[in-house]
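Here is a short report for a first look. Please view the sequence and the fold before reading on.

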Amino acid sequence: MTQTTYLQYDSPWPVYAMDWCKSWPQGQIRPRTPFRLALGSYTEDYRNRLTIIGLQDERSLVDDELHGTGYNDFIVLAETNHGYPATRLQWQPLSSTTFNWASKLSNAELLATTGDALRIWDLTYEGEQKTTNFVGRHQSSSGYSLSQRVALSGSKAPSSSSGPPLTSFSWNTVLPSHIVTSSIDTTCTVWDINVSSAITQLIAHDREVYDVAWLPNSTDVFTSVGADGSLRLFDLRSLEHSTILYEASTVRAKENAKSASPQPKPMSSPLLRIAFNPSDSHYIATFHADCGDVQILDMRSPGAPVIEIKAHKAQVNAIGWGKQESMLATVGMCIVMIIIPNAKFVDDCVDIGDDSQVLVWDLSPQAVASPRHLTTRLGSSPRPDSKRRTITDPVLAYSASSEINNLAWSPPIHSMNIPGTGTMLTGGEWLAVAAGKSVKILKV
(Lines give C-alpha, C1' and ligand atoms only; values in the text may rest on other atoms or scores of the structure.)
Protein backbone atom coordinates (compact mmCIF):
# COMPACT_ATOMS: atom_id res chain seq x y z
CA MET A 1 0.00 0.00 0.00
CA THR A 2 1.12 3.54 -0.68
CA GLN A 3 0.75 6.40 1.77
CA THR A 4 -2.27 8.63 1.21
CA THR A 5 -1.38 12.15 0.15
CA TYR A 6 -4.54 13.87 1.34
CA LEU A 7 -7.61 13.36 3.52
CA GLN A 8 -10.96 15.13 3.43
CA TYR A 9 -13.85 16.08 5.68
CA ASP A 10 -17.11 17.60 4.41
CA SER A 11 -18.93 19.69 6.98
CA PRO A 12 -22.64 20.65 6.96
CA TRP A 13 -21.50 24.26 7.56
CA PRO A 14 -18.85 26.59 6.19
CA VAL A 15 -15.66 26.15 8.26
CA TYR A 16 -13.45 28.99 9.45
CA ALA A 17 -11.75 28.43 12.84
CA MET A 18 -9.47 25.37 12.94
CA ASP A 19 -6.77 23.82 15.05
CA TRP A 20 -5.01 20.48 15.18
CA CYS A 21 -4.88 18.58 18.47
CA LYS A 22 -1.41 18.46 19.95
CA SER A 23 -1.82 15.50 22.32
CA TRP A 24 -2.63 11.80 22.06
CA PRO A 25 -6.34 10.93 22.41
CA GLN A 26 -7.86 9.33 25.50
CA GLY A 27 -9.30 5.83 25.32
CA GLN A 28 -8.49 2.72 23.29
CA ILE A 29 -10.82 3.58 20.44
CA ARG A 30 -10.65 4.76 16.87
CA PRO A 31 -9.17 7.10 16.03
CA ARG A 32 -6.10 6.16 18.07
CA THR A 33 -3.89 8.33 15.89
CA PRO A 34 -3.23 12.03 16.55
CA PHE A 35 -5.41 12.95 13.54
CA ARG A 36 -7.95 14.98 15.47
CA LEU A 37 -9.03 18.52 14.62
CA ALA A 38 -11.36 21.08 16.14
CA LEU A 39 -13.51 23.07 13.70
CA GLY A 40 -15.62 26.18 14.16
CA SER A 41 -18.44 26.93 11.73
CA TYR A 42 -19.06 30.32 10.16
CA THR A 43 -22.70 31.25 9.65
CA GLU A 44 -24.22 34.71 10.01
CA ASP A 45 -26.46 33.82 12.93
CA TYR A 46 -26.29 32.56 16.52
CA ARG A 47 -26.39 28.86 15.56
CA ASN A 48 -22.73 28.13 15.01
CA ARG A 49 -21.12 24.84 16.01
CA LEU A 50 -17.88 23.70 17.59
CA THR A 51 -16.96 20.24 16.25
CA ILE A 52 -14.22 17.74 17.08
CA ILE A 53 -13.42 15.30 14.26
CA GLY A 54 -11.15 12.25 14.10
CA LEU A 55 -10.23 9.57 11.58
CA GLN A 56 -13.03 7.16 10.66
CA ASP A 57 -10.60 4.42 9.64
CA GLU A 58 -6.84 4.51 10.10
CA ARG A 59 -6.42 2.56 6.85
CA SER A 60 -7.36 5.71 4.95
CA LEU A 61 -3.84 6.95 5.77
CA VAL A 62 -2.31 4.33 3.49
CA ASP A 63 -5.12 3.13 1.21
CA ASP A 64 -6.49 5.49 -1.43
CA GLU A 65 -9.10 2.88 -2.44
CA LEU A 66 -11.12 3.82 0.64
CA HIS A 67 -11.72 7.26 -0.89
CA GLY A 68 -14.95 7.36 -2.88
CA THR A 69 -17.81 9.63 -3.75
CA GLY A 70 -19.25 11.12 -0.59
CA TYR A 71 -16.71 9.34 1.64
CA ASN A 72 -15.57 11.25 4.72
CA ASP A 73 -12.18 10.29 6.09
CA PHE A 74 -13.26 11.81 9.40
CA ILE A 75 -16.17 11.30 11.79
CA VAL A 76 -17.60 13.61 14.44
CA LEU A 77 -16.25 12.75 17.89
CA ALA A 78 -18.05 15.54 19.77
CA GLU A 79 -20.04 18.65 18.96
CA THR A 80 -21.75 21.55 20.73
CA ASN A 81 -23.34 24.94 20.16
CA HIS A 82 -21.08 27.98 19.96
CA GLY A 83 -23.48 30.86 19.28
CA TYR A 84 -21.54 33.47 17.32
CA PRO A 85 -18.75 32.24 15.01
CA ALA A 86 -15.42 31.51 16.68
CA THR A 87 -12.80 34.07 15.60
CA ARG A 88 -9.99 31.81 16.84
CA LEU A 89 -9.78 28.24 18.11
CA GLN A 90 -6.88 26.53 19.86
CA TRP A 91 -6.24 23.28 21.69
CA GLN A 92 -4.35 23.39 24.95
CA PRO A 93 -0.56 23.55 24.52
CA LEU A 94 1.27 20.28 24.80
CA SER A 95 3.03 21.69 27.87
CA SER A 96 -0.31 21.85 29.68
CA THR A 97 -0.32 18.09 30.20
CA THR A 98 1.39 18.90 33.50
CA PHE A 99 -0.96 21.82 34.17
CA ASN A 100 -3.06 21.20 37.29
CA TRP A 101 -6.10 23.37 36.79
CA ALA A 102 -8.39 23.45 39.82
CA SER A 103 -10.82 20.48 39.67
CA LYS A 104 -9.62 19.60 36.16
CA LEU A 105 -10.69 16.10 35.21
CA SER A 106 -7.81 13.71 34.57
CA ASN A 107 -9.39 12.47 31.35
CA ALA A 108 -10.28 15.95 29.99
CA GLU A 109 -8.53 17.95 27.31
CA LEU A 110 -8.96 21.71 27.03
CA LEU A 111 -9.84 23.92 24.09
CA ALA A 112 -10.31 27.68 23.90
CA THR A 113 -12.27 29.88 21.50
CA THR A 114 -12.90 33.59 21.11
CA GLY A 115 -15.92 35.43 19.76
CA ASP A 116 -18.24 37.33 22.05
CA ALA A 117 -16.13 35.94 24.94
CA LEU A 118 -13.10 33.81 25.72
CA ARG A 119 -14.52 30.35 26.28
CA ILE A 120 -12.72 27.35 27.75
CA TRP A 121 -14.05 23.91 26.80
CA ASP A 122 -13.59 20.41 28.24
CA LEU A 123 -13.32 17.49 25.84
CA THR A 124 -13.88 14.43 28.01
CA TYR A 125 -13.61 10.77 27.17
CA GLU A 126 -16.41 8.93 28.97
CA GLY A 127 -15.88 5.45 27.58
CA GLU A 128 -19.47 4.93 26.51
CA GLN A 129 -21.29 5.14 23.19
CA LYS A 130 -22.83 8.42 22.10
CA THR A 131 -25.03 9.14 19.10
CA THR A 132 -25.70 12.38 17.27
CA ASN A 133 -29.27 13.31 16.38
CA PHE A 134 -28.55 16.03 13.83
CA VAL A 135 -30.09 15.44 10.41
CA GLY A 136 -27.52 14.12 7.96
CA ARG A 137 -24.85 13.34 10.58
CA HIS A 138 -23.24 9.94 10.93
CA GLN A 139 -23.74 7.99 14.12
CA SER A 140 -20.72 8.27 16.40
CA SER A 141 -19.51 5.84 19.05
CA SER A 142 -16.54 7.89 20.10
CA GLY A 143 -17.38 8.17 23.79
CA TYR A 144 -16.35 11.86 23.83
CA SER A 145 -18.36 14.75 25.26
CA LEU A 146 -17.70 18.47 24.79
CA SER A 147 -18.83 21.03 27.36
CA GLN A 148 -18.10 24.64 28.24
CA ARG A 149 -16.17 25.18 31.45
CA VAL A 150 -16.17 28.99 31.63
CA ALA A 151 -16.77 32.10 29.50
CA LEU A 152 -14.74 35.26 30.17
CA SER A 153 -15.75 38.57 28.63
CA GLY A 154 -13.55 41.51 27.68
CA SER A 155 -14.95 43.47 30.61
CA LYS A 156 -12.90 41.33 33.05
CA ALA A 157 -16.07 39.73 34.44
CA PRO A 158 -16.83 36.00 34.07
CA SER A 159 -19.83 36.61 31.83
CA SER A 160 -20.77 35.11 28.48
CA SER A 161 -22.92 38.00 27.27
CA SER A 162 -21.05 41.24 27.99
CA GLY A 163 -17.94 42.94 26.71
CA PRO A 164 -16.73 43.85 23.20
CA PRO A 165 -16.09 41.14 20.58
CA LEU A 166 -12.74 39.38 20.78
CA THR A 167 -10.86 39.05 17.50
CA SER A 168 -8.18 36.50 18.45
CA PHE A 169 -6.10 35.03 21.27
CA SER A 170 -2.83 33.27 22.01
CA TRP A 171 -2.27 30.50 24.55
CA ASN A 172 1.05 30.71 26.38
CA THR A 173 2.95 27.46 25.89
CA VAL A 174 5.35 28.05 28.79
CA LEU A 175 2.72 29.13 31.31
CA PRO A 176 -0.50 27.50 30.03
CA SER A 177 -2.69 29.16 32.66
CA HIS A 178 -2.21 32.45 30.76
CA ILE A 179 -4.09 33.45 27.60
CA VAL A 180 -3.92 36.88 25.95
CA THR A 181 -6.88 38.11 23.89
CA SER A 182 -7.31 40.98 21.44
CA SER A 183 -10.45 43.06 20.98
CA ILE A 184 -12.06 45.59 18.69
CA ASP A 185 -12.12 48.07 21.61
CA THR A 186 -8.32 48.67 21.11
CA THR A 187 -7.35 46.53 24.12
CA CYS A 188 -5.45 43.34 24.86
CA THR A 189 -6.28 41.37 28.00
CA VAL A 190 -4.11 38.78 29.74
CA TRP A 191 -6.22 36.15 31.49
CA ASP A 192 -5.36 33.66 34.22
CA ILE A 193 -7.77 30.85 33.38
CA ASN A 194 -6.77 29.05 36.58
CA VAL A 195 -8.76 31.64 38.55
CA SER A 196 -11.02 32.82 35.70
CA SER A 197 -9.99 36.46 35.91
CA ALA A 198 -7.96 39.08 34.07
CA ILE A 199 -4.39 39.82 35.15
CA THR A 200 -4.13 43.04 33.17
CA GLN A 201 -5.89 44.90 30.39
CA LEU A 202 -4.12 47.54 28.33
CA ILE A 203 -4.84 49.84 25.42
CA ALA A 204 -2.67 48.27 22.76
CA HIS A 205 -3.47 50.26 19.59
CA ASP A 206 -5.19 53.42 18.45
CA ARG A 207 -7.83 51.36 16.68
CA GLU A 208 -9.12 47.78 16.67
CA VAL A 209 -6.67 45.01 17.58
CA TYR A 210 -6.95 42.10 15.16
CA ASP A 211 -4.41 39.54 16.36
CA VAL A 212 -2.04 38.79 19.22
CA ALA A 213 0.78 36.27 19.78
CA TRP A 214 3.08 35.37 22.64
CA LEU A 215 6.81 35.46 21.91
CA PRO A 216 7.83 31.76 21.84
CA ASN A 217 9.39 30.55 25.10
CA SER A 218 8.36 33.72 26.94
CA THR A 219 5.88 34.22 29.77
CA ASP A 220 5.96 38.03 29.64
CA VAL A 221 6.32 39.27 26.04
CA PHE A 222 3.59 39.33 23.40
CA THR A 223 2.98 41.15 20.13
CA SER A 224 -0.14 42.49 18.46
CA VAL A 225 -1.33 43.94 15.16
CA GLY A 226 -4.32 46.08 14.39
CA ALA A 227 -6.29 48.49 12.26
CA ASP A 228 -3.74 51.29 12.78
CA GLY A 229 -1.28 49.34 10.62
CA SER A 230 1.30 48.75 13.36
CA LEU A 231 2.94 45.68 14.89
CA ARG A 232 3.69 46.29 18.58
CA LEU A 233 5.56 44.45 21.30
CA PHE A 234 4.54 44.48 24.98
CA ASP A 235 6.33 43.26 28.09
CA LEU A 236 4.20 42.50 31.17
CA ARG A 237 7.14 43.52 33.36
CA SER A 238 7.09 47.05 31.92
CA LEU A 239 3.72 48.14 30.60
CA GLU A 240 4.45 51.87 30.67
CA HIS A 241 5.32 51.76 26.99
CA SER A 242 5.29 49.47 23.96
CA THR A 243 7.77 48.97 21.13
CA ILE A 244 6.61 49.49 17.54
CA LEU A 245 8.38 46.82 15.50
CA TYR A 246 6.73 47.72 12.20
CA GLU A 247 4.43 50.47 10.98
CA ALA A 248 3.30 50.48 7.37
CA SER A 249 2.78 54.24 7.17
CA THR A 250 6.38 54.89 8.31
CA VAL A 251 7.85 52.49 5.74
CA ARG A 252 5.77 54.00 2.93
CA ALA A 253 6.68 57.51 3.98
CA LYS A 254 10.42 56.70 3.74
CA GLU A 255 9.97 55.05 0.35
CA ASN A 256 7.90 58.01 -0.83
CA ALA A 257 10.60 60.46 0.26
CA LYS A 258 13.14 58.66 -1.93
CA SER A 259 10.84 58.70 -4.92
CA ALA A 260 11.46 61.19 -7.74
CA SER A 261 7.77 62.07 -7.73
CA PRO A 262 6.49 61.81 -4.15
CA GLN A 263 2.90 60.75 -3.73
CA PRO A 264 0.45 61.83 -1.01
CA LYS A 265 0.93 59.85 2.17
CA PRO A 266 -1.58 56.96 2.16
CA MET A 267 -3.62 55.94 5.16
CA SER A 268 -2.26 53.04 7.19
CA SER A 269 -3.44 49.67 5.94
CA PRO A 270 -4.63 47.41 8.78
CA LEU A 271 -2.45 44.44 9.72
CA LEU A 272 -4.67 41.39 10.19
CA ARG A 273 -2.56 38.50 11.47
CA ILE A 274 0.80 37.78 13.06
CA ALA A 275 2.76 34.52 13.41
CA PHE A 276 6.18 33.70 14.87
CA ASN A 277 8.47 31.19 13.25
CA PRO A 278 8.70 28.40 15.88
CA SER A 279 12.10 27.35 14.53
CA ASP A 280 13.56 30.84 14.96
CA SER A 281 11.39 33.31 16.83
CA HIS A 282 13.34 36.31 15.56
CA TYR A 283 11.17 36.05 12.44
CA ILE A 284 7.55 37.18 12.30
CA ALA A 285 5.11 36.95 9.40
CA THR A 286 2.24 39.40 8.91
CA PHE A 287 0.06 40.81 6.15
CA HIS A 288 -2.20 43.76 5.38
CA ALA A 289 -5.94 43.85 4.77
CA ASP A 290 -7.03 43.72 1.11
CA CYS A 291 -3.47 42.93 0.03
CA GLY A 292 -1.83 39.93 -1.56
CA ASP A 293 1.65 40.56 -0.12
CA VAL A 294 3.16 38.91 2.95
CA GLN A 295 5.83 40.60 5.06
CA ILE A 296 8.48 38.71 7.03
CA LEU A 297 10.10 40.81 9.75
CA ASP A 298 13.17 40.30 11.91
CA MET A 299 12.83 41.52 15.50
CA ARG A 300 16.55 42.39 15.56
CA SER A 301 16.08 44.81 12.65
CA PRO A 302 12.64 46.37 13.26
CA GLY A 303 11.05 48.96 11.03
CA ALA A 304 10.93 47.21 7.65
CA PRO A 305 10.43 43.69 6.31
CA VAL A 306 13.49 41.62 5.50
CA ILE A 307 11.46 39.55 3.01
CA GLU A 308 8.30 40.33 1.03
CA ILE A 309 6.29 37.71 -0.81
CA LYS A 310 4.46 39.10 -3.81
CA ALA A 311 2.35 36.56 -5.68
CA HIS A 312 -1.24 36.54 -4.45
CA LYS A 313 -3.66 38.11 -6.90
CA ALA A 314 -6.20 38.62 -4.10
CA GLN A 315 -6.09 39.27 -0.38
CA VAL A 316 -4.42 36.88 2.06
CA ASN A 317 -6.72 35.40 4.70
CA ALA A 318 -4.43 33.49 7.08
CA ILE A 319 -0.83 32.54 7.78
CA GLY A 320 0.80 29.75 9.77
CA TRP A 321 4.28 28.34 10.32
CA GLY A 322 5.01 24.65 10.38
CA LYS A 323 6.74 23.28 13.44
CA GLN A 324 9.76 22.02 11.51
CA GLU A 325 12.08 23.35 8.81
CA SER A 326 10.71 26.91 8.79
CA MET A 327 7.78 26.25 6.48
CA LEU A 328 5.21 29.03 6.20
CA ALA A 329 1.76 28.70 4.66
CA THR A 330 -0.50 31.62 3.77
CA VAL A 331 -4.04 31.31 2.45
CA GLY A 332 -6.72 33.46 0.89
CA MET A 333 -7.96 33.40 -2.64
CA CYS A 334 -4.91 31.21 -3.01
CA ILE A 335 -2.61 29.36 -0.64
CA VAL A 336 1.14 29.94 -0.62
CA MET A 337 3.74 27.67 0.99
CA ILE A 338 7.26 28.81 1.63
CA ILE A 339 9.51 25.81 1.93
CA ILE A 340 13.16 24.99 2.30
CA PRO A 341 15.02 22.93 -0.31
CA ASN A 342 14.30 19.17 -0.38
CA ALA A 343 10.89 19.58 1.31
CA LYS A 344 8.08 17.77 -0.50
CA PHE A 345 4.51 18.71 -1.29
CA VAL A 346 2.21 16.26 -3.02
CA ASP A 347 1.07 17.10 -6.54
CA ASP A 348 -2.42 15.69 -6.15
CA CYS A 349 -3.31 17.36 -2.87
CA VAL A 350 -6.37 19.36 -3.93
CA ASP A 351 -9.10 19.22 -6.53
CA ILE A 352 -8.56 21.31 -9.62
CA GLY A 353 -10.64 24.49 -9.81
CA ASP A 354 -10.60 28.05 -11.05
CA ASP A 355 -10.92 30.15 -7.90
CA SER A 356 -7.87 29.42 -5.72
CA GLN A 357 -4.30 28.29 -6.09
CA VAL A 358 -1.61 26.50 -4.14
CA LEU A 359 1.79 28.04 -4.79
CA VAL A 360 4.96 26.42 -3.47
CA TRP A 361 7.91 28.66 -2.66
CA ASP A 362 11.55 27.80 -2.15
CA LEU A 363 13.00 29.71 0.80
CA SER A 364 16.56 28.68 0.12
CA PRO A 365 19.45 30.35 1.98
CA GLN A 366 20.35 32.49 -1.02
CA ALA A 367 16.76 33.75 -1.21
CA VAL A 368 16.65 35.07 2.35
CA ALA A 369 18.46 37.87 4.13
CA SER A 370 20.33 35.55 6.48
CA PRO A 371 23.23 33.59 4.94
CA ARG A 372 22.41 30.66 7.17
CA HIS A 373 19.40 28.44 7.22
CA LEU A 374 16.34 29.69 9.10
CA THR A 375 16.20 26.49 11.15
CA THR A 376 19.06 27.72 13.34
CA ARG A 377 18.17 27.95 16.99
CA LEU A 378 17.00 31.13 18.67
CA GLY A 379 19.98 33.31 19.43
CA SER A 380 22.32 31.58 16.97
CA SER A 381 20.97 32.91 13.68
CA PRO A 382 22.92 35.92 12.42
CA ARG A 383 21.43 39.35 11.90
CA PRO A 384 20.23 39.86 8.33
CA ASP A 385 21.63 42.53 6.06
CA SER A 386 19.59 45.64 5.43
CA LYS A 387 18.59 44.73 1.89
CA ARG A 388 14.99 43.67 1.53
CA ARG A 389 14.39 40.56 -0.54
CA THR A 390 11.31 40.11 -2.70
CA ILE A 391 10.11 36.64 -3.67
CA THR A 392 7.76 36.44 -6.65
CA ASP A 393 8.36 33.18 -8.52
CA PRO A 394 6.83 29.99 -7.12
CA VAL A 395 8.44 26.67 -7.93
CA LEU A 396 5.12 24.79 -8.10
CA ALA A 397 1.47 25.80 -8.51
CA TYR A 398 -1.79 23.95 -7.86
CA SER A 399 -5.46 24.84 -7.91
CA ALA A 400 -8.20 24.48 -5.29
CA SER A 401 -11.93 24.24 -5.82
CA SER A 402 -12.90 27.37 -3.86
CA GLU A 403 -11.55 30.24 -1.81
CA ILE A 404 -9.43 29.03 1.10
CA ASN A 405 -10.34 30.70 4.39
CA ASN A 406 -8.00 29.24 6.98
CA LEU A 407 -5.29 26.70 7.74
CA ALA A 408 -3.94 24.57 10.58
CA TRP A 409 -0.61 22.75 10.78
CA SER A 410 -0.42 19.39 12.51
CA PRO A 411 2.21 18.81 15.17
CA PRO A 412 5.07 16.63 13.91
CA ILE A 413 3.56 13.15 13.63
CA HIS A 414 5.85 10.22 14.26
CA SER A 415 5.98 7.16 12.04
CA MET A 416 3.44 4.53 13.10
CA ASN A 417 2.15 1.09 12.15
CA ILE A 418 -1.35 1.12 10.65
CA PRO A 419 -3.42 -1.73 12.15
CA GLY A 420 -4.60 -4.38 9.69
CA THR A 421 -2.38 -3.22 6.84
CA GLY A 422 1.16 -4.20 7.76
CA THR A 423 2.17 -0.73 6.56
CA MET A 424 4.25 1.89 8.30
CA LEU A 425 3.00 5.49 8.03
CA THR A 426 5.85 7.88 7.32
CA GLY A 427 6.12 10.67 9.87
CA GLY A 428 5.98 14.38 9.12
CA GLU A 429 3.57 17.28 9.13
CA TRP A 430 0.13 17.68 7.57
CA LEU A 431 -1.61 20.89 6.60
CA ALA A 432 -5.37 21.31 6.94
CA VAL A 433 -7.05 23.99 4.83
CA ALA A 434 -10.68 25.11 5.00
CA ALA A 435 -12.40 25.92 1.71
CA GLY A 436 -16.13 26.51 2.13
CA LYS A 437 -17.66 23.42 3.74
CA SER A 438 -14.71 21.21 2.83
CA VAL A 439 -11.55 20.61 4.87
CA LYS A 440 -8.58 19.19 2.97
CA ILE A 441 -5.74 17.65 4.97
CA LEU A 442 -2.57 17.62 2.87
CA LYS A 443 0.65 15.67 3.44
CA VAL A 444 3.63 18.01 3.32
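Two residues are in contact when heavy atoms of theirs lie within 4.5 Å. By that rule, among contacts in the protein chain between residues at least 6 apart in sequence, 58% join residues at least 24 apart. The model is a predicted one.

**The chain as a whole**

The protein chain holds 1 helix and 32 strands. It has 444 residues, and 57% of them count as buried. Its accessible surface comes to about 18,700 Å². Carbon and sulfur atoms account for 49% of that surface.

**The nonpolar cores**

In soluble globular proteins, nonpolar side chains tend to be buried together. The largest nonpolar core here has 24 residues. Phe35, Leu61 and Phe74 touch the most other members.

A second, separate core has 17 residues. Ala17, Ala38, Leu77 and Leu89 are included in it.

What does phenylalanine 74 contact, leaving aside its neighbours within four places in sequence? Its contacts include Leu7, Tyr9, Phe35, Leu37, Ile53, Leu55 and Ile441. Gln8, Gly54 and Gln56 are also on the list.

**A sheet of four strands**

An open sheet has 4 strands in the order E10-E11-E12-E13, with antiparallel pairing. E10 and strand E13 (197-203) are the edge strands, and each pairs on one side only. Neighbouring strands in this sheet are turned by 20 degrees against each other on average, direction ignored.

Inside the sheet, strand E11 (residues 178-183) and strand E12 (residues 187-192) run antiparallel and are joined by 5 bridges. Isoleucine 179 stands opposite tryptophan 191 in E12.

**Threonine 167**

Threonine 167 lies in strand E10 (residues 166-171). Is this residue buried or exposed? Threonine 167 has a relative accessible area of 12%, so it is buried, as the cut-off for buried is under 20%.

| Side chain | Backbone oxygen | Distance |
|---|---|---|
| Threonine 167 | Valine 209 | 2.7 Å |
| Threonine 167 | Tyrosine 210 | 3.4 Å |

Not counting residues up to four places away in sequence, threonine 167 also touches others, including Thr87, Thr114, Ser182, Ser183, Ile184, Asp211 and Arg273.

Terms used:
Residues numbered from 1 in each chain as written. Predicted model: local features only at pLDDT ≥ 70, side-chain atom pairs only at ≥ 80, totals over all residues. Heavy atoms only, no water. Core = buried A, V, L, I, M, F, W, Y, C linked by side-chain atoms within 4.5 Å. Buried < 20%, exposed > 50% of the residue type's maximum accessible area, 1.4 Å probe, protein only. Helix = DSSP H or I, 4+ residues; strand = E, 2+ residues; numbered from the N terminus. Polar contact = N/O pair within 3.5 Å; in protein donor to acceptor, adjacent residues only side chain to side chain. Areas by Shrake-Rupley, 256 points an atom, 1.4 Å probe, with all protein chains shown as cover. Pairing = 2+ DSSP bridges. Axes fitted to C-alpha atoms, helices over the stretch in contact; angles between N-to-C directions.
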